[in-house]
Amino acid sequence: MSSADRVFERRIVSKRRTSANLEDEPEKQCPNGWASVVAAAAAAASSSSSTLRQKAAACKTSQRTTFQPHPDSICDWFFKVMVLGDSGVGKTCLLVRFRDDMFLGGNYISTVGVDFRNKIISVDDSKVKLQIWDTAGQERFRSVTHAYYRDAHALLLLYDVTNKVSFDNIRAWLSEIRDYANDQVVIMLIGNKADCSLNDRMVKREDGEQLAKEYSVTFMETSAKSGFNVEIAFMAVARELLFKKTGIEKKGSFNVQDYMKEQTKSNCPACSTT
Ligand SMILES: Nc1nc2c(ncn2[C@@H]2O[C@H](COP(=O)(O)OP(=O)(O)OP(=O)(O)O)[C@@H](O)[C@H]2O)c(=O)[nH]1
């Protein structure tokens, strides 16, 4: 993808910034509505949480900076995509890898409430704006995040291939999705941290594939750390949404699994097979 395709509408405070790299990016923005999201999250969680205070302070600082939205006319389609899954599976890292092509190492701070970032991508001849919502995986924020499911066009449901519990919880996540999301939502199951060593891997690729098959959703393993399959996953979702919306695929019918197979042919690290 060319750099011209990577148009970011707003820059927002990442959840895992050191003071040093915050200074490196002084123009960072908070999304509209962030304050209310933080307030709701604060009510749901403990208002004395140091993480919350950190985030609120970072947000306040960023609100003083310049906001430069791109006109909506530059994109043909808009889709809202939510990233879900247990705490620590790598939702924020996946999003940051896709948006900024970098990996957030260093201190891990859990997401509070919800947060979104925009990215405009080219799909064939169309400019597609993905508004990607990162959600807190922690149980205590669940009532806050449920409110955002309803108008989502696609859900990326993540588990961590090194954490069996996060995989076992996928059924519960799918049940929540059934309760709160709309019936037409596109769902992709993602096994993240595929860069892990064989010793660390607790969930076989085939188990992920099997579960996805059972629920008739698409499946992919990714690594936010190495970038493995990250762009392909978002592109596949964008293509599927576009295809659903237009009902037209220039090169015949569109099958998301075939598309992913084709894209991942030469993109398979040794650790993704067990
Ligand atoms: N090895 C490896 N580590 C990862 C990967 N993605 C994320 N991590 C690490 O996993 C930890 C959790 O990542 P996050 O992206 O913050 O997880 P999250 O799902 O957003 O967590 P919550 O905000 O609590 O819901 C961090 O220490 C990351 O550095 C990956 O692909 N590979």
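The structure is a predicted model, in which local features need pLDDT of at least 70 and side-chain atom pairs count only at pLDDT 80 or more, while totals for chains, interfaces and linings use all residues. Residues are numbered from 1 along each chain as its sequence is written, and side-chain values use heavy atoms, with hydrogens and water left out.

The protein chain contains 10 helices and six strands; helices (H or I, at least four residues) and strands (E, at least two) are DSSP runs, numbered from the N terminus. Of the 274 residues in the chain, 51% are buried. Here buried means under 20% relative accessible area, exposed means over 50%, and partly exposed lies in between (1.4 Å probe, protein chains only). The chain exposes about 12,900 Å², and carbon and sulfur atoms supply 50% of this area; accessible areas come from the Shrake-Rupley method with a 1.4 Å probe, and for residues only the protein chains shown count as cover. Among contacts (heavy atoms within 4.5 Å) between residues at least 6 apart in sequence, 77% join residues at least 24 apart.

Nine of the 10 residues in S3 are buried. S3 pairs with strand S1 (residues 77–85) in the parallel sense over seven bridges, and with strand S2 (residues 114–123) in the antiparallel sense over 10 bridges. Two strands pair if DSSP finds at least two bridges between them. S2 and S3 form a hairpin with two residues between them, and valine 123 stands opposite serine 126 in S3.

Aspartate 124 lies in the loop between S2 and S3. This aspartate has a positive phi of about 50 degrees although it is not a glycine. Most residues other than glycine have a negative phi. At 33% relative accessibility, aspartate 124 counts as partly exposed. Serine 216 also has a positive phi, near 55 degrees, and is found in the loop between helix H8 (205–214) and strand S6 (218–221). Serine 216 is exposed, with a relative accessible area of 67%.

Lysine 80 belongs to strand S1, and its bridge partner in S3 is glutamine 131. Lysine 80 counts as buried because its relative accessible area is 5%. The side chain of lysine 80 makes a polar contact with the side chain of aspartate 151 at 2.6 Å. A polar contact is a pair of N or O atoms within 3.5 Å; within protein, one must be able to donate a hydrogen and the other to accept it, and residues adjacent in sequence count only if both atoms are side-chain atoms. Leaving aside neighbours within four places in sequence, the residues in contact with lysine 80 include Trp133, Tyr148 and His153.

Helix H9 (residues 230–246) has 17 residues and reaches 24 Å from its first C-alpha to its last, close to the 24 Å expected at 1.5 Å a residue; the expected span is 1.5 Å times one less than the number of residues. Buried residues of H9 include Val230, Phe234, Met235 and Leu242.

Finally, cysteine 75 is buried at 13% relative accessibility, and cysteine 196 is buried at 7%. The count of disulfides, each a pair of cysteine sulfur atoms within 2.5 Å, comes to zero.
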